[in-house]
Amino acid sequence: MNVLARGGGLLAVILVVVGGTAGLGAVLGLGATMILAGLTALFCFLAANGGPLVPDLKLLAAFAPAVVLGAAGPRLLGEVSQVAAIALLVVVVFCAALLPALGARYVTVGLGIGLASVFGYGFQLTGVASAGQILGAPALAIGVVFVLRLLTGLGDPGKPTRVALADALAGPDRESAERAVRLWLADRPLRWQARVVAAGVRCHATTAVLRDRLRVLDDEQAAAVTAVLDAVRTGLDVLAEAVRAKTLDPAGVPELVRVEPDLDLPGDTRALIADAWTALDAVREAVVTRDESLVDFPRHIVRTALRREATGALPWRSAQLRHAVRCALGMLVAVVIASLRPGDPLTVSFLMTTFGIMQPEWRDTLAKVWQRVAGSVAGAGVLALALWLLPHSALLPLGLVALLVGFPFLQAKPLVFNGCVVLMSVSVNAVTKHLDPGATLVEYVLLVALAVAIALLFGFAAVPGVPKPSVAQRFSDATAAMGELLGSVAARLRGAAGGDAREVGPRFRAAVRTHQDLLAPEPGSRGPESAQREALDESVEGLRGLAASAGAMLQRGTGSPALAGFTADAAAALAGEAPPPARPELPDEEERLIADLVLADVLRVTHGRTVLAAV
């Protein structure tokens, strides 16, 4: 029922976005391109949601020219030169597949631009459309989405940031913690939220170390530490709900129920427990006081971090770059094949299936293949039965009902959605284009099989000259590169040799590339077992956080020996030469925030080493 409820809401949004944009396009005289405007609006709406209101609107405005170019450019060029049209589409797909290298927020942006471009090229218009109508369709889509995003976010523009912070507190993983920091930086960086981020990641990193120690404690000690971890988890859950609230009565936030072990514990276990409670107390204080003043966080640090992420994705050894190349080559083959059958109404389904299946990680590609193949086979079976039992006049209603039934399962059950798409696409095209439904169904299934073959061929093709290291080797490379980067940053903070831009820049690119390769390896590389997946995600989160913190420290320049010493100790801990450093006492608030983040990320990486080093 929850799936249907969420799906029903999604269906309502889709009907408003697509139907409203198409209807407005009809009123404005877009003619046959009104359907193109409606579907482009849907793709843009998916990309324009996921963050705070103002950053989302800025992001939409920044990528609006790319959407217009991708959705209208190949179609317009096709009237002059088919080769030029195909070349432009391939370039747009390449750039769209490269965008996720900038971070998780850009995944939907790349997907939206890619889908809009492929759909704009492959969709068969009914009748003739002028250049103005073709350009006006994506432009109208962007304008409608801008207004809709503004209306949906005006009531609580900061809600996505608070929700992301609450999610990171309640259950941190690579996506939630990274998303929380990125949204906080993109939005108005409030001081209380900065303290929640810093103390929250420190608390989770410390509890992760404690949880790992349970396996070496005796039963009584493990039970005592488990009781502490449960109490900390309860406190985090309570504070997460307080963070999520738009307005908060401080008196309504309960006091933390502190649990302390009453027996001897080995090593630094008791000190780690104290650190966890101290961090949790800091979270509660930040939530209760809710200091709404802005942190003086230089905006150029965010731009620099994005630029370095992009630069790290450009070398040939970058996994994201190789994925973009494969997507472009796969789309090139698919478009060339589609050009052999001009006017085929199923071209758009073929091209979008090819684009949608190819993913950076081969496991995700296989999952997409299974969803598409199983859904298509099931849908084809249902439609074949319908063709046998129902009259031809029932096909169009059947296709429309399948569309309405399938949309609620778009995210939760994509296999069901793909089956409904078969019913909708074949039924509607057979009726509106006056085609034989049986032959159309067979063609659809064959095109899906061809799209899967293309996606698998280029999704798994090995790149010449690129090695296929194991998870342990990739982890070692990533930590070594990050350790060298932190060493250079420490030298820069001291004003010593080895910290100038000529040395730091290449190390930044190497660090970004190696942690991207750790998460998205070359096809054919040995992947982690299911037991190591959590440690891998945690380590990548830590490495990405360390790269961002390194950029923040570089912007502060020289003259901070305490922070420099702490950074050098963190580099030694990454190399396995020393334990994680103690949290230093720093006079500057921003330096304390950076140190908290660095320490939490070092703990994540060192915790992952125990699991991944032997994979």
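Modeller: A residue is called buried under 20% relative accessible area, exposed over 50% and partly exposed in between, using a 1.4 Å probe and protein chains only. The model is predicted, and therefore local features need pLDDT of at least 70 and side-chain atom pairs count only at pLDDT 80 or more, while totals for chains, interfaces and linings use all residues. Residues are numbered from 1 along each chain as its sequence is written, and side-chain values use heavy atoms, with hydrogens and water left out.

Biologist: How many salt bridges does the structure hold?

Modeller: Side chains of opposite charge can pair when their charged atoms come close. The term salt bridge applies to a side-chain nitrogen of Lys or Arg within 4 Å of a carboxyl oxygen of Asp or Glu. By that criterion, the number of salt bridges in the structure is ten.

Biologist: Are D56 and R149 buried or exposed?

Modeller: The side chains of D56 and R149 form a salt bridge, with N and O at 3.0 Å. This pair links distant parts of the chain, since D56 belongs to helix 3 (residues 53-78) and R149 to helix 6, 93 residues apart; helices are DSSP runs of H or I with at least four residues, and strands are E runs of at least two, numbered from the N terminus. D56 has a relative accessible area of 2% and R149 one of 6%. Both values lie under 20%, so D56 and R149 count as buried.

Biologist: Where do D281 and R258 lie?

Modeller: D281 and R258 meet through their side chains in a salt bridge of 3.1 Å, N to O. The pair ties together parts that are 23 residues apart in sequence, because D281 is in helix 11 and R258 is in the loop between helix 10 and helix 11. D281 is partly exposed at 33% relative accessible area, and R258 is partly exposed at 40%. The places asked for are thus, for D281, helix 11 and, for R258, the loop between helix 10 and helix 11.

Biologist: Which residue forms a salt bridge with R341?

Modeller: R341 is partly exposed, with a relative accessible area of 46%. The closest N and O atoms of the pair are 3.1 Å apart, and the partner is D344.

Biologist: At what angle do helix 10 and helix 11 pack?

Modeller: Two packed helices are described by the angle between their axes and the distance between the axes. Axes are lines fitted to C-alpha atoms, for helices over the stretch in contact, and angles run from 0 to 180 degrees between N-to-C directions. Helix 10 and helix 11 are roughly parallel, since angles under 35 degrees count as roughly parallel, over 145 as roughly antiparallel, 65 to 115 as roughly perpendicular and the rest as oblique. The axes of helix 10 (residues 219-244) and helix 11 (residues 269-289) are 10 Å apart, and the angle is about 15 degrees.

Biologist: Is the crossing of helix 2 and helix 5 left-handed or right-handed?

Modeller: Helix 2 (residues 34-47) and helix 5 (residues 105-122) pack at about 170 degrees, with axes 7 Å apart. They are therefore roughly antiparallel to each other. A crossing is left-handed if the near helix is turned anticlockwise from the far one by less than a right angle, and right-handed if clockwise. The crossing of helix 2 and helix 5 is right-handed.

Biologist: How far apart are the axes of helix 19 and helix 22?

Modeller: Helix 19 passes helix 22 in a left-handed crossing. Helix 19 (residues 471-494) and helix 22 (residues 561-574) pack at an angle of about 165 degrees, their axes being separated by 8 Å.

Biologist: What separates the C-alpha atoms of L546 and V602?

Modeller: L546 is found in helix 21 (residues 530-555) and is buried, at 0% relative accessible area. L546 and V602 are 56 residues apart along the chain, and their C-alpha atoms are separated by 7.7 Å.

Biologist: How far apart in space are V416 and G375?

Modeller: V416 lies in helix 17 (residues 414-432) and is partly exposed at 35% relative accessibility. V416 and G375 are 41 residues apart in sequence, and their C-alpha to C-alpha distance is 6.0 Å.
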